[in-house]
Amino acid sequence: MAHVLWLGGAPGAGKSTVAERLARRHGLRRYHADTRTWAHRDRALAAHDEAAARFETLPPDERWARPVDELLAMSLHRERGPMVVDDVRALPPAPLAVAEGTTVTPGVARALPGRAALWLLPTPELLEKRLAERELGPGPLALYRRLAQEIAEEVRESGAPFLSVDGTTDTTEEVARLWAAPLAEGPHAATPDERRALLREANEAVVAQIAGYFRRPWARGEPGEKAFSCECGDTGCTARVTRAATGLPAAPLLAAGHRARQLPSGAGGFSPS
């Protein structure tokens, strides 16, 4: 599977930020496993997975009060790995894709070897700082700590490549340095229109994720607003656009002061380099 870069690691390690920045900068497709959470849970339910069924039938307050071992089982951390493999295998061969998430384990990368693979492991101090910033309840906090432990143990026991993250350096630049060769090789999105199409694809995955959550019979509230990637297509853009999470406009989603650059005459296709 030469067109994928695997990026795994613990919650709070910065995987999503690194993946988004590299995807924007280099014209890559981004696969964010979190946006497939509810689709994967539906697959597990269809396969009569007991942990998936228990997650859905327990009231949310009772669910998150369960012991951490049960929370880990209901997270489907292991079960979702083969589903991630299926998703990534189905991606188009161009451009190069960066696939990231906590469910991207060394086992996933072994099942579908890619161009490169790396795991981000936060120091205990950074992990606690990042989890505190999320203002999690006791149940999710216990689960995220356990996931961080499980992921770190598997990465180290498997001998998989990892980067220790302590928050004092630019993780995106560190990953870009380690992945310099595959990032340079590509293939990349060659034009602004192609880059915008990839950004729209990632934004639509977020909309689908939110819709999947609110289809659950136990879900409460309204979708509200969400921060989406600006779709201007500029390689240096890191802007976000906050808007209703129920759908996206037909026109490119642009941050204030940004514009969609015009496609040069005759340009098109994915660049091999």
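The crossing of helices H8 and H9 is right-handed, meaning that the near helix is turned clockwise from the far one by less than a right angle. This is a predicted model, in which local features need pLDDT of at least 70 and side-chain atom pairs count only at pLDDT 80 or more, while totals for chains, interfaces and linings use all residues. Residues are numbered from 1 along each chain as its sequence is written, and side-chain values use heavy atoms, with hydrogens and water left out.

**Helix pair**
- H8 (residues 124-133) and H9 (residues 138-158) pack at about 150 degrees, with axes 11 Å apart; helices are DSSP runs of H or I with at least four residues, and strands are E runs of at least two.
- H8 and H9 are therefore roughly antiparallel, a label for angles over 145 degrees.
- Leu-127, Glu-128 and Leu-131 of H8 make the contact with Leu-141, Tyr-144, Arg-145 and Ala-148 of H9 (heavy atoms within 4.5 Å).
- By class, this contact has five nonpolar, no polar and two charged residues.

**Cavity**
- One cavity of 30 Å³ or more is found in the whole structure; a cavity is a set of points on a 1 Å grid where a 1.4 Å probe fits but cannot get out, and lining residues have an atom within 4 Å of a point.
- The largest cavity has a volume of about 130 Å³.
- Of its 14 lining residues, Ala-23, Arg-24, Leu-28, Leu-198 and Leu-199 are the closest to the centre.
- Helix H1 (15-26), strand S2 (29-32) and helix H12 (192-214) each supply at least two lining residues, and H12 gives the largest share, four residues.
- The lining has five nonpolar, three polar and six charged residues.

Key. Axes fitted to C-alpha atoms, helices over the stretch in contact; angles between N-to-C directions. Parallel < 35°, antiparallel > 145°, perpendicular 65-115°, else oblique. Nonpolar A, V, L, I, M, F, W, Y, C, P; charged D, E, K, R; others polar. 1 Å grid on protein atoms, 1.4 Å probe; cavity = no way out; pocket = protein on both sides within 12 Å on 5 of 7 lines; lining within 4 Å. Points joined across faces, edges and corners; volume = space filled by probe spheres on them.
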